[in-house]
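Biologist: Please pick out a single part and take me through it closely, with its surroundings. Give the cut-offs for your terms as you go.

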Amino acid sequence: MDILHSIFVAPFIDMGAYPDFLLQVIWEGFVAGVLYSLIALGFVLIYKASGVFNFAQGIMVVFAALVLVSLHEMGMPAWVAVLVSVVVMGLLAIGVERFVLRKLVNQHDAILLMATIGLTLVLKGSGQLIFGGEPKPMITRELGLPTGASDWEVFGGVVIFQHIDIAATVVALLMVLALAVFFSKTRIGRALRAVADDHQAALSVGISLHQIWAIVWFAAGIVALVTGIMWGARSEVSFALEIIALKALAVLILGGFTSIPGAIVGGLVIGIGEKLFEVYWGALFGSGVEAWFAYVLALIFLLFRPQGLFGERIIERV
Amino acid sequence: MLYREAGQFKTSYAADQALLPILQDRIGLSLILLVAFVGIPLLATDFFIGSVMIPFLVFSLAAIGLNILTGYAGQLSLGTGAFMGVGAYACYKLTTYFPDINIILLILFSGVFSAAAGVLFGLPSLRIKGLYLAITTLAAQFFLEWCFIRIAWLYNYNDSGAIEVPTRKLLDIAITGASATPVVRYLVIISVVTLMALVAANVLRGRIGRSWMMIRDMDIAAELMGIRPLRAKLSAFAFSSYYCGVAGALMVFMWIGSAEVESFDINHSFLVLFMVIIGGMGSLLGCFLGAAFIWVLPIIIRAVPQLIGLDLLAATTEHLTNIIIGVLIIFFLIVEPHGLARLWQLGKEKLRTWPFPYASN
């Protein structure tokens with residue numbers, strides 16, 4: 001009975017007793033969720049357009065942020081460094097398309113996944129080789145990102161909002177909007193959707209797959225850069241981020257591999273869910289449940305809805 | 001020329017079904033076993049045995065485990081490290097409770113626990129497959145890792161949180177713990193690995209193994225032909241995890257001597273996966289080739305710059321190793337998706353027809 005009480009009753013009493021704390025927890029979870037969503041977004045972009053499950057998205061985030069920080073260390077002004085980092089991500093996209101994807105057209109999913117795992121190793125090794133393995137602080141102030149925090153008095157308590165978190169949310173929102181516009185209004189965006197829908201049909205109306213893949217990896221690279229800036233500003237730029245980025249895979253399962261709204265909703269569900277679980281139920285299990293909550297949630301979810309929240313229905317044909 | 005099998009007639013069903021039907025293969029394998037069991041213990045240095053051969057054999061066994069699941073049954077898994085951990089911790093607990101039972105038996109038995117864990121986390125494979133399944137195996141990886149940290153009972157409430165291998169003896173010779181010599185440990189490992197590889201070879205070409213391959217090649221067709229996916233997939237998970245578990249127990253008890261959760265983290269899972277990819281998916285020989293390659297490559301990368309007079313930092317060589325392995329993985333996936341094992345097979349074909357490459361057998 002005690003156990004049942006501490007699972008089903010006590011946490012909710014806690015939540016009711018200190019609503020300001022609950023709100024704080026939800027906000028923290030929300031921000032973490034936004035960042036998961038951003039990483040997941042990069043995955044979805046590439047998966048939609050090329051059917052490649054890009055395991056390297058996490059390391060791309062680290063890599064992009066490291067390039068940016070190191071360029072600034074070398075004396076470039078912040079905004080020039082951002083531009084050069086964008087160029088670097090573009091070159092990376094072209095390189096990946098030219099030397100990896102093009103050679104692996106029509107291969108099995110698992111092979112492509114493993115190729116991106118290989119890419120992860122290359123990026124990780126070269127990142128550490130060029131920029132060194134130790135964590136670096138993000139150049140938050142130089143980029144004009146806000147620091148500091150505001151308090152909000154509510155429910156007889158105080159909820160603290162870090163300004164950088166608010167900025168991250170706004171930037172994420174802007175980026176999703178920009179992507180939505182890009183996909184629906186521009187010529188390239190429509191071509192991307194056509195490729196996502198049917199490779200062969202897209203080819204037959206004169207869309208170049210090579211070009212589209214490079215563009216889509218470039219887009220994912222920019223998403224990675226933004227994610228890296230935001231995440232780096234919250235903590236620091238380090239290779240530990242790569243493990244955290246794996247959580248975006250759980251987000252994808254929740255949201256479905258092909259759905260941008262799914263990536264966002266999934267990210268928020270996992271971000272908020274794991275914070276709530278850690279704070280209110282974590283003590284029951286011993287702390288640190290954040291490490292696996294996302295995956296176990298995704299696993300349970302999969303048993304009931306294999307295609308994810310918004311994914312396309314999986315139809316098996318013989 | 002070397003591989004010409006002309007004149008080797010099979011006169012009975014038993015000969016036709018033999019594990020190694022060709023005489024040259026039998027001679028070759030006997031030679032390898034002779035070197036492994038007699039030559040290396042007699043001639044090799046302790047360093048070579050302890051830092052090259054023992055890790056190589058442990059990883060070969062783990063790679064066999066993963067290859068059964070990924071290469072033969074087609075279920076991609078990223079949780080190998082955790083399953084190895086289950087075996088190691090199970091063996092540690094068993095030898096704590098039953099110090100008198102022979103440690104080799106306990107090592108072999110500890111795989112059963114990791115097989116159970118494998119079946120549990122393999123259950124989703126009945127509903128989902130491919131990439132989705134790969135992600136659910138991440139759940140196994142992180143959840144089990146967390147268990148290894150949080151459940152203090154697993155490491156006997158040590159302050160350090162690590163498991164320390166006690167000394168256990170067989171016929172008054174220490175085979176585990178600090179006082180066991182590398183040669184003794186090597187002989188134990190090579191015996192276990194040889195035995196288990198033999199079992200794997202026979203299971204894989206038997207009824208169960210063929211049902212795994214049918215599931216891999218086309219699950220719906222396999223189901224229509226009367227293979228039960230439930231039984232085939234879960235048995236693949238159980239079998240694979242058993243091998244990984246034994247490999248994990250061997251790793252801790254025979255090689256590193258003490259282990260923390262870092263010994264079983266996700267990088268470890270990836271390492272074994274790379275061995276399988278580079279060695280060759282769906283090939284037992286590939287497991288050994290891949291393990292040798294991935295384990296020996298860093299040693300070579302460390303040695304070569306010193307030979308030519310360059311002095312690189314340890315960290316630099318590690319990063320270089322990462323890059324080279326990454327490039328090699330992509331290279332192999334593009335050029336030879338079946339890995340080193342396939343290269344060996346092609347070479348064998350060439351040998352058969354040499355010096356008349358256009359002659360038909």
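Modeller: Helices (H or I, at least four residues) and strands (E, at least two) are DSSP runs, numbered from the N terminus. By that rule A:L91 is found in helix α5 (residues 78-101) of chain A. From A:L91 to A:A201 is 110 residues in sequence and 28 Å in space, C-alpha to C-alpha.

The model is predicted: local features need pLDDT of at least 70 and side-chain atom pairs count only at pLDDT 80 or more, while totals for chains, interfaces and linings use all residues. Residues are numbered from 1 along each chain as its sequence is written, and chains are lettered from A and ligands numbered from 1 in the order in which they are written.

The part I take is α11 (266-279) of chain B. Chain B as a whole has 14 helices and 4 strands. Its C-alpha atoms fill a box of roughly 70 × 60 × 45 Å along the principal axes. A compact globule of 361 residues would have a radius of gyration near 21 Å, and chain B agrees, at 21 Å; the radius is taken over C-alpha atoms, and the globule rule is 2.2 Å times the number of residues to the power 0.38. Of the 361 residues of chain B, 44% count as buried.

Within α11(B), 10 of the 14 residues are buried, so the helix is largely enclosed by the rest of the structure. Among them are B:H268, B:S269 and the run from B:V272 to B:G279. Just after α11(B), B:G280 takes a positive phi of about 130 degrees.

The axes of α11(B) and helix α14 (residues 339-353) of chain B come within 3 Å and cross at roughly 20 degrees. Axes are lines fitted to C-alpha atoms, for helices over the stretch in contact, and angles run from 0 to 180 degrees between N-to-C directions. That makes the two helices, α11(B) and α14(B), roughly parallel; angles under 35 degrees count as roughly parallel, over 145 as roughly antiparallel, 65 to 115 as roughly perpendicular and the rest as oblique. B:I277, B:I278 and B:G279 of α11(B) make the contact with B:G339, B:L340 and B:A341 of α14(B), where contact means C-beta atoms, placed from the backbone, within 7 Å. These residues divide into 4 nonpolar, 2 polar and no charged; Ala, Val, Leu, Ile, Met, Phe, Trp, Tyr, Cys and Pro count as nonpolar, Asp, Glu, Lys and Arg as charged, and the others, Gly among them, as polar.

There is also the partner chain. The contact between the chains takes 34 residues from chain B and 39 residues from chain A. On the chain B side, α6 (131-150), α11 and α13 (314-335) each supply at least two residues. The largest share, 13 residues, comes from α13(B). By class, the chain B side has 26 nonpolar, 6 polar and 2 charged residues.

Conventions: Contact = placed C-beta atoms within 7 Å. Buried ≥ 20, exposed ≤ 12 C-beta atoms within 10 Å, placed from the backbone.
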